[in-house]
Amino acid sequence: MSLRGFGSDNFSGVLPEVFNALKEAAYGHQHSYGEDVFSKKAIQDFKHIFGEDIEVYFVYNGTGANILAISAFTRPFHAVICAETAHINADECGAIQKQTGCKLLTVPTFDGKLNVGLIQNHMHGFGDQHHSQPNLISLTECTELGTVYTPEELKEICDFAHAHHLYVHMDGARLANAVAYLGCDPRDLTVRAGIDVLSFGGTKNGMMFGEAVIFFNTSVCPDVKYIRKQAMQLHSKTRFIAAQFSAVLKDGLWLKTAGHANRMAEKLAKEAALIPGVKITQEVQGNEVFAIIPRNKIGVLQEECFFYIWDENASEVRWVCSFDTTENDIIEFVNLLRKELI
């Protein structure tokens, strides 16, 4: 029998608390399109975490969240600066370019993180009618390489962006893992750092489906409801997204589950690093482990315990832990590694 895989936190199931919330929302009639009691409660739950001066919009998925967030601040002649590894560049099938019309200006990085020095390479062509106009910087927290921006790093980028009249978007599909790793207030990584808009992840952290877009800069919000509708991200029965968020936000469950996933990833990296032939390539700060392993062993290992190849040329793979990863899952996989590599 194959072992439970480490392919993605999207592979995991649904938290019992989320499943119960969906069952509770399933009975009776409620107003549609976000005018229900569940949506109103979830918005208040978000305000309890991020502050009163926000606006929250629920959407189906992460790509939709990023499209809505970026579309609200850009026009088709604008450009978005992001890391080369950013999900909006590498894993969304050109959705940002197609739906917003914006050009992506990508930046090579070693650890997935942007900084002011790297961003400055694209800070030119302003006012030139022949040049896409940089208007927004998109950051990912945790990054696609599992690394975490500190509040100080984020604030430096946001201050630079705002000084040059640019906006800052955060793809927070794994924001929970970053907050759990740093042990900080979620506001320190978002509104206090100067983030204008956040794609807040739910699916990777125990929800069945659904994400939220949180606007800290609410100046664009009068038009957001129209953008969401045109982007086909307005769920008629919004209560089924909102009820899930209330469940994961209650009593800090979203941070407890993320913290567990982080600890499992740390344990996996620590144990795997002891095996000859395994080289951990990034510091484990979230719930992802990146490792170089012998190329000729990847297929054999994947048959027993699925995971993705990250960089085929470098023989680098990615292992992702979830809220439901167990220590036994780690032990069994490490034993498989040891068996095949030694």
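**View 1. Leu 139 faces Met 170 across the β4-β5 pairing.** In this predicted model, Leu 139 stands opposite Met 170 of β5. The two strands, β4 (residues 133-140) and β5, run parallel and are joined by five bridges. To get from β4 to β5, the chain goes through helix α7 (residues 151-163), making a right-handed β-α-β crossover. Strand β5 itself spans residues 167-172 and is mostly covered, with five of its six residues buried.

**View 2. On to β6, with Asp 171 opposite Ser 199.** Here we look at β5 and strand β6 (residues 197-200), a parallel pair held by four bridges. Asp 171 sits across from Ser 199 in β6. The link from β5 to β6 passes through helix α8 (residues 175-182), and this β-α-β crossover is right-handed.

View 3. The loop between β4 and α7 holds Cys 142, and the peptide bond joining Glu 141 to Cys 142 is cis, with omega at about -10 degrees. In the loop between α7 and β5 you'll find His 165. Its phi is near 65 degrees, a positive value in a residue other than glycine. Is His 165 buried or exposed? His 165 has a relative accessible area of 68%, so it counts as exposed.

**View 4. Cys 93, a non-glycine with positive phi.** Cys 93 is in the loop between α4 (87-90) and α5 (95-100). Phi comes out at about 55 degrees for Cys 93, although this residue is not a glycine. With a relative accessible area of 83%, Cys 93 is exposed.

**View 5. An open four-stranded sheet.** The strand order is β8-β9-β11-β10, and the pairing is antiparallel. β8 (279-280) and β10 (308-311) are the edge strands, each pairing on one side only. Zooming in on β8, we see an antiparallel pairing with strand β9 (residues 288-292) over two bridges. Ile 280 stands opposite Ala 291 in β9.

View 6. Why does Phe 11 count as partly exposed? Because its relative accessibility is 46%, and partly exposed covers the range between the buried cut-off (under 20%) and the exposed one (over 50%). Tyr 308, at 39% relative accessible area, is partly exposed too. Together with Phe 306, Phe 11 and Tyr 308 make a nonpolar surface patch with about 290 Å² of accessible area.

**View 7. A buried edge-to-face pair, Phe 307 and Phe 333.** Phe 307 and Phe 333 are 6.1 Å apart centre to centre, with 65 degrees between the planes, which makes an edge-to-face pair. Phe 307 is in the loop between α12 (295-304) and β10, while Phe 333 is in helix α13 (residues 327-341), 26 residues apart. Both Phe 307 and Phe 333 are buried.

**View 8. One aromatic cluster.** Which residues form the cluster in this view? They are Phe 46, Phe 50, Phe 58, Phe 200, Phe 216, Phe 245 and Trp 254.

Note on methods: Residues are numbered from 1 along each chain as its sequence is written. This is a predicted model: local features need pLDDT of at least 70, side-chain atom pairs count only at pLDDT 80 or more; totals for chains, interfaces and linings use all residues. Side-chain values use heavy atoms; hydrogens and water are left out. Patches are made of residues with over 30% relative accessible area and no salt bridge: like charges are joined within 9 Å, nonpolar side chains (Val, Leu, Ile, Met, Phe, Trp, Tyr) within 5 Å. Accessible areas come from the Shrake-Rupley method with a 1.4 Å probe; for residues, only the protein chains shown count as cover. A salt bridge is a side-chain nitrogen of Lys or Arg within 4 Å of a carboxyl oxygen of Asp or Glu. Buried means under 20% relative accessible area, exposed over 50%, partly exposed in between (1.4 Å probe, protein chains only). Two strands pair if DSSP finds at least two bridges between them. A crossover is right-handed if, with the strands pointing away from the viewer, the path from the first strand over the helix to the second runs clockwise. Rings of Phe, Tyr and Trp (its six-membered ring) pair if their centres lie within 6.5 Å; planes under 30 degrees apart count as stacked, over 60 as edge-to-face and the rest as tilted.
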